[in-house]
Amino acid sequence: HTYFRQNEEISHFTFSWSADGESWSAAEPSVQVLSVEEWKWIPVIYTLKKLDDSAKYLRITFGNVGGTEWSPSIAGVYSKYKSGADAGFADCVGTPYYDVTALLKNLGLISGYNAYEYGPEDAITRAEFAKLTASVLNLNTAASGQEKQLFWDLKKEHWANGAVNVLYGIGVIQGDENGFFRPDDPVACQEAAKILVSALGYTVLAEEKGGYPAGFWQMASRLDLLKGVDAPPEQAMNLSLIHISEPTRP
């Protein structure tokens, strides 16, 4: 979903897919150019509906064929995934969380306690939420986990140390005033909101609104991160606090 300036020749994006990240094949999208009167941007929607089943990577390339000035703006990339043989978690069957957790599982963003148990009513720990955030942001956490120990209570060997180190390095998370991260403590809703707001790049605006926790909570609300959340900021977070209507994009 992109935007181009009015009165300019649209030099369309091209798409290609790959099964291994090395060999690429062209993918032909359907293109919908929308007409919006009295607006300086032209919305353009590209849709790929017939990707090969082996496709694991997608490359989006802008081609300024005419050599003219261009200014495309990518508004968003939205995906719907085919349902494969890998089912969701058994303990989520019959709950509002099944489709969402199955989608995240098949995307490789969550793994649960094993292939069948997710524990949807269990509180999410600070370490688990850090790991999930790093996975969603596609951050390389392998090397960071072996480099150094940032917090007294998070050893280099801890399974979440790499995620915590990377997120700390980009200013998304921090420990307490005594140098502890408290990895096994449940993550409070306001802590999760702070992490997500910072991950999206809105730390400065949240600080201007009062900082943690109120400023980040207000910014999370403005960003629709709290949509469906029925809990006070201080409460430990789990899926039962979120009213899930349908699985949208992760």
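Is glutamate 191 buried or exposed, and at what relative accessibility?

Mentor: Keep in mind throughout that this is a predicted model. Glutamate 191 has a relative accessibility of 14% and therefore counts as buried, since the cut-off for that word is under 20% relative accessible area.

The side chain of this residue takes part in salt bridges. Glutamate 191 forms one with arginine 126, where the closest N and O atoms are 3.4 Å apart. Glutamate 191 belongs to helix α5 (residues 189-199) and arginine 126 to helix α2, so this pair ties together parts that are 65 residues apart in sequence. Arginine 126 is buried, as glutamate 191 is.

A second salt bridge joins glutamate 191 to arginine 182, with 3.5 Å between the closest N and O atoms. Arginine 182 has a relative accessible area of 29% and so counts as partly exposed. Arginine 182 also forms a salt bridge with aspartate 185, and here the closest N and O atoms are 3.1 Å apart. Aspartate 185, at 30% relative accessibility, is partly exposed as well. Taken together, Arg126, Arg182, Asp185 and Glu191 are linked in a network of salt bridges. The structure holds three salt bridges.

From the charged side chains, turn to the sheet. Three strands make up an open sheet in the order β3-β2-β6, with antiparallel pairing. Its edge strands are β3 (25-27) and β6, each of which pairs on one side only. Direction ignored, neighbouring strands of this sheet are turned by 35 degrees against each other on average. In general, the strands of a sheet pair through backbone hydrogen bonds, in either a parallel or an antiparallel way.

Strand β2 (residues 13-18) pairs with β6 in the antiparallel sense over six bridges. Within that pairing, phenylalanine 13 has phenylalanine 62 of β6 as its bridge partner. Isoleucine 60 also sits in β6, a strand that covers residues 57-62. At 37% relative accessibility, isoleucine 60 counts as partly exposed. Isoleucine 60 is one of the members of a nonpolar surface patch, together with Leu58, Ile74 and Val77, and the four have about 340 Å² of accessible area together.

Phenylalanine 13 leads on to the aromatic side chains. A pair of aromatic rings is described by the distance of the centres and the angle of the planes. There are five aromatic pairs, counting rings with centres within 6.5 Å. In one of them, the rings of phenylalanine 13 and tyrosine 46 have centres 5.8 Å apart and planes at 80 degrees, so the pair is edge-to-face. Phenylalanine 13 lies in strand β2 and tyrosine 46 in strand β5 (residues 41-47), so the pair ties together parts that are 33 residues apart in sequence. Phenylalanine 13 counts as buried, at 8% relative accessibility. Tyrosine 46 counts as buried too, at 12% relative accessibility.

Another pair is made by phenylalanine 151 and tyrosine 168, whose ring centres are 5.7 Å apart and whose planes stand at 90 degrees, so this pair is edge-to-face. Phenylalanine 151 is in the loop between α3 and α4, while tyrosine 168 is in helix α4, so the pair ties together parts that are 17 residues apart in sequence. Phenylalanine 151 is buried, at 6% relative accessibility, whereas tyrosine 168, at 39%, is partly exposed. As for grouping, Phe13, Phe15 and Tyr46 form one aromatic cluster.

Just after α4 comes glycine 171, with a positive phi of about 80 degrees.

Some other backbone features remain. Asparagine 138, a residue other than glycine, has a positive phi near 60 degrees. Asparagine 138 lies in the loop between α2 (126-136) and α3 (144-147) and is exposed, at a relative accessible area of 70%. Aspartate 224 also takes a positive phi, near 65 degrees. Aspartate 224 is in the segment after α7 and counts as exposed at 54% relative accessibility. Finally, a cis peptide bond joins tyrosine 212 and proline 213, with omega at about 0 degrees. Proline 213 is found in the loop between α6 (203-208) and α7 (214-222).

Notes. Residues numbered from 1 in each chain as written. Heavy atoms only, no water. Patch = residues over 30% accessible without salt bridge, like charges linked within 9 Å, V, L, I, M, F, W, Y side chains within 5 Å. Areas by Shrake-Rupley, 256 points an atom, 1.4 Å probe, with all protein chains shown as cover. Helix = DSSP H or I, 4+ residues; strand = E, 2+ residues; numbered from the N terminus. Buried < 20%, exposed > 50% of the residue type's maximum accessible area, 1.4 Å probe, protein only. Pairing = 2+ DSSP bridges. Axes fitted to C-alpha atoms, helices over the stretch in contact; angles between N-to-C directions. Phe/Tyr/Trp six-rings, centres within 6.5 Å; stacked < 30°, edge-to-face > 60°.
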